[in-house]
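I opened this notebook page to keep a record of what I looked up, entry by entry. The sequence and the structure go in first, and my notes follow.

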Amino acid sequence: MDKLELKGNWNQWKGKLKEKYGQLTDDDLTYEEGKDDQWWGRIQKKTGKTKDELVKWLKGLG
């Protein structure tokens, strides 16, 4: 998943992530330029899912 695709759909996906994984906070989902690995790490830690699993789920949302 490239950054453009991620940014383009982020508002929709952010809501879906918070709905499915209630333990995610706005801080967890705040993306900082250049800190991709840390961002994915926070989400993976809170959801217990791998990056690949999360990307597949997000892409399935449309």
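Which residue takes a positive phi just after helix 3? I found that Gly48 does, with a phi of about 75°.

**Ground rules.** I am working from a predicted model, in which local features need pLDDT of at least 70 and side-chain atom pairs count only at pLDDT 80 or more, while totals for chains, interfaces and linings use all residues. I number residues from 1 along each chain as its sequence is written, and side-chain values use heavy atoms, with hydrogens and water left out.

**Confidence.** I looked up pLDDT, the predictor's confidence in each residue from 0 to 100, and noted a mean of 85 for the protein, with 85% of its residues at 70 or more.

**Helix 3.** I noted that helix 3 has twelve residues and spans 17 Å from its first C-alpha to its last, close to the expected 16 Å, where the expected span is 1.5 Å times one less than the number of residues. For accessibility I take buried as under 20% relative accessible area, exposed as over 50% and partly exposed as in between, with a 1.4 Å probe and protein chains only. The buried residues of helix 3 are Trp39, Trp40, Ile43 and Thr47. They cover an arc of only 95° around the axis, which places them on the same side of helix 3; the arc is taken from the directions from the helix axis to the C-beta atoms. The face turned away from that buried side carries the exposed residues Asp37 and Lys45. I counted Lys45 as exposed because its relative accessibility is 77%.

**Salt bridges.** I applied the rule of a side-chain nitrogen of Lys or Arg within 4 Å of a carboxyl oxygen of Asp or Glu, and the count comes to three. One of them joins Lys46 and Asp28, whose closest N and O atoms are 3.0 Å apart. Lys46 lies in helix 3 and Asp28 in helix 2 (residues 26–29), so this pair ties together parts that are 18 residues apart in sequence. Lys46 is partly exposed at 35%, whereas Asp28 is buried at 9%. I also recorded Asp26 with Lys18 at 2.6 Å, N to O, and Lys35 with Glu32 at 3.4 Å, N to O.

**Aromatic pairs.** My rule here is that rings of Phe, Tyr and Trp (its six-membered ring) pair if their centres lie within 6.5 Å, with planes under 30 degrees apart counted as stacked, over 60 as edge-to-face and the rest as tilted. Searching the whole structure gave three such pairs. Tyr21 and Trp57 are edge-to-face, 6.2 Å centre to centre with 75° between the planes. This pair links distant parts of the chain, 36 residues apart, with Tyr21 in the loop between helix 1 and helix 2 and Trp57 in helix 4, residues 51–61. Tyr21 is buried at 10%, and Trp57 is partly exposed at 26%. Trp39 and Trp40 are also edge-to-face, at 4.9 Å centre to centre and 75° between the planes, and ring pairs link Tyr31, Trp39 and Trp40 into a cluster.

Terms used. Helices (H or I, at least four residues) and strands (E, at least two) are DSSP runs, numbered from the N terminus.
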